[in-house]
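Subject: Structure handover

Hello,

Here is the structure we talked about. Please open it first, then read my notes below.

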Amino acid sequence: MDLLTGLTERRSIRHYTEQTVSEQEIKKILETARFAPSWKNSQTARYYAILNPELKNQIAEQGTLDFSKNKYNIQNAPALVILTSVRNLSGYEPDGSFTTSKNTHWESFDAGIAAQTFCLSAYANGFGTLIMGIFDEQKIAEILNLPESETVSTLIALGHAAEIPDAPARHAVGEILKIS
Ligand SMILES: Cc1cc2nc3c(=O)[nH]c(=O)nc-3n(C[C@H](O)[C@H](O)[C@H](O)COP(=O)(O)O)c2cc1C
């Protein structure tokens, strides 16, 4: 798939078919997604692919802050990817101090790039995705038994799209660009 087409045609998918996603398919998506850029190539993104329906349901029930739309989004998708970030690397000097005045910002910045790269790779491989920001970080860390060194950055639903929505409106270039 042409990159420019993928960038414009990828949509957030909230309704999936029952077709399952295999381990091999997730590995293939990540083979490309791992090329996402990161702070000093620190590569802090980690991916926990949840294919087990009971575990996925536990995350939907207990890890969505009672936001029913995300509970549905997770239950309805055949797979869920939990993207975590290794703490204290992106934006840090080797002595543990921040490199810039934006402090911890770069950790989330890297996670955002990793998430979108994963979604674009998934799209190019024929899958739909949904990035979710409304979740209970502590609860999910507990369910996954995450090491203290990692923080949950985002959840990504993954599967075959049953319904592809129209693109939500975007600002016109003239509204968001200033050229001097
Ligand atoms: C950081 C981030 C958090 C998001 N969180 C949620 C969420 O919790 N639930 C949801 O249904 N959509 C969520 N979305 C999806 C956005 O609503 C969606 O990307 C936006 O409406 C544009 O639609 P498109 O992705 O189809 O272009 C999130 C997207 C991003 C980038």
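In what order do the elements of the chain run from the N terminus on? The order is α-α-β-α-α-β-α-β-α-β-α. That makes seven helices and four strands. Please keep in mind that this is a predicted model.

**Overall shape**

The chain has 180 residues and a radius of gyration of 17 Å. A compact globule with 180 residues would have a value near 16 Å, so the chain agrees with that expectation. Along the principal axes, the C-alpha atoms fill a box of roughly 50 × 45 × 30 Å. Buried residues account for 29% of the chain. I also looked at contacts between residues at least 6 apart in sequence. Of these, 78% join residues at least 24 apart.

**The core**

The largest nonpolar core has 35 residues. Leu80, Phe118, Ile156 and Leu158 have the most contacts inside it. Which elements give two or more residues to this core? They are H2, E1, helix H3 (53-62), E2, H5, E3 and strand E4 (150-159). H5 gives the most, with eight residues.

Take Leu158 as a place to start. Not counting residues up to four places away in sequence, Leu158 touches Val21, Ala77, Ala79, Leu80, Val81, Ala122, Phe127 and Thr129. One of these partners, Leu80, is also on the list of core residues with the most contacts.

**Helix H2**

Helix H2 covers residues 23-33. Ile26, Ile29 and Ala33 are buried there. Seen down the axis of H2, the buried residues fall within an arc of 60°, so they line one face of the helix. What do they pack against? The partners are strand E1 (45-50), strand E2 (79-86) and helix H5 (105-124). The face of H2 turned away from the buried side carries the exposed residues Glu23, Gln24, Lys27 and Glu31.

**The ligand**

The shell around the ligand has 13 residues. The closest are Arg11, Ser12, Met132, Gly133 and Ile134. Helix H4 (68-76) and strand E3 (128-132) are the elements that give two or more residues to this shell. By class, the shell has six nonpolar, four polar and three charged residues.

**Two residues to check**

Lys71 is found in helix H4. Setting aside residues up to four places away in sequence, Lys71 touches Ala60, Glu61 and Thr64. Lys71 and Phe135 are 64 residues apart in sequence, with their C-alpha atoms 9.3 Å apart in space.

Tyr92 lies in the loop between E2 and H5. Tyr92 has 19 C-beta neighbours inside 10 Å and so counts as partly exposed. Beyond its neighbours within four places in sequence, Tyr92 is in contact with Phe98 and Thr99.

Best wishes

Conventions. Residues are numbered from 1 along each chain as its sequence is written. This is a predicted model: local features need pLDDT of at least 70, side-chain atom pairs count only at pLDDT 80 or more; totals for chains, interfaces and linings use all residues. A residue is near a molecule or strand if its C-beta atom, placed from the backbone, lies within 6 Å of it. Ala, Val, Leu, Ile, Met, Phe, Trp, Tyr, Cys and Pro count as nonpolar, Asp, Glu, Lys and Arg as charged, and the others, Gly among them, as polar. The radius of gyration is taken over C-alpha atoms; the globule rule is 2.2 Å times the number of residues to the power 0.38. A residue is buried if 20 or more other C-beta atoms lie within 10 Å of its own, exposed if 12 or fewer, and partly exposed in between; C-beta atoms are placed from the backbone. Two residues are in contact if their C-beta atoms, placed from the backbone, lie within 7 Å. The arc is that of the directions from the helix axis to the C-beta atoms. A nonpolar core is a set of buried Ala, Val, Leu, Ile, Met, Phe, Trp, Tyr and Cys residues joined through C-beta atoms within 7 Å.
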